[in-house]
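Here is a short report for a reader who is new to this structure. Take a look at the model first, then read on.

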Amino acid sequence: MASPQVIWQLSKGFFQRNNPLEIVMRSTFEAVHNLLTFHSKIKLLRYKFMLAQQQLNEMEGHVTNNPYEVRGDKLDRAF
């Protein structure tokens, strides 16, 4: 059976690496921060979505108005 000193040292090392009080405090602060910044994160995601949609529309416009024709494996000028 292990001596009480070994058990004490192992438990002390475990709690130094995995401090439960620090983990609870950090998760609480992160939850409060997420609640306070939720609206700005939604605004940022909306902006990113609109930007991606605009880029997609521009790319579709370039594809439909392409002056090149695909002939086999080559791109040739249509005029």
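## Fold

Helices (H or I, at least four residues) and strands (E, at least two) are DSSP runs, numbered from the N terminus. On that basis, the chain has three helices and two strands. Along the sequence, their pattern is α-α-α-β-β.

This is a predicted model: local features need pLDDT of at least 70, side-chain atom pairs count only at pLDDT 80 or more, and totals for chains, interfaces and linings use all residues. Residues are numbered from 1 along each chain as its sequence is written, and side-chain values use heavy atoms, with hydrogens and water left out.

## Surface

The accessible surface of the chain is about 7,800 Å². Carbon and sulfur atoms account for 64% of that surface. Accessible areas come from the Shrake-Rupley method with a 1.4 Å probe; for residues, only the protein chains shown count as cover.

The chain has 79 residues, and 3% of them count as buried. Buried means under 20% relative accessible area, exposed means over 50%, and partly exposed lies in between (1.4 Å probe, protein chains only).

## A nonpolar patch

L44, Y47, F49, M50 and L51 make a nonpolar surface patch of about 540 Å². Patches are made of residues with over 30% relative accessible area and no salt bridge; like charges are joined within 9 Å, nonpolar side chains (Val, Leu, Ile, Met, Phe, Trp, Tyr) within 5 Å.

One of the patch residues, L44, sits in helix α3 (residues 38-64). L44 has a relative accessible area of 47%, so it is partly exposed.

## Salt bridge

The structure holds one salt bridge. The term means a side-chain nitrogen of Lys or Arg within 4 Å of a carboxyl oxygen of Asp or Glu. Here the partners are R26 and E22, with their closest N and O atoms 2.7 Å apart.

R26 and E22 are four residues apart in helix α2 (residues 20-36), so about one helical turn separates them. R26 is partly exposed at 43% relative accessible area. E22 is partly exposed too, at 41%.

## Aromatic pair

There is one aromatic pair in the structure. The ring centres of F14 and F15 are 5.3 Å apart and the planes stand at 75 degrees, so the pair is edge-to-face. Rings of Phe, Tyr and Trp (its six-membered ring) pair if their centres lie within 6.5 Å; planes under 30 degrees apart count as stacked, over 60 as edge-to-face and the rest as tilted.

F14 is partly exposed, at 38% relative accessibility. F15 is also partly exposed, with a relative accessible area of 47%.
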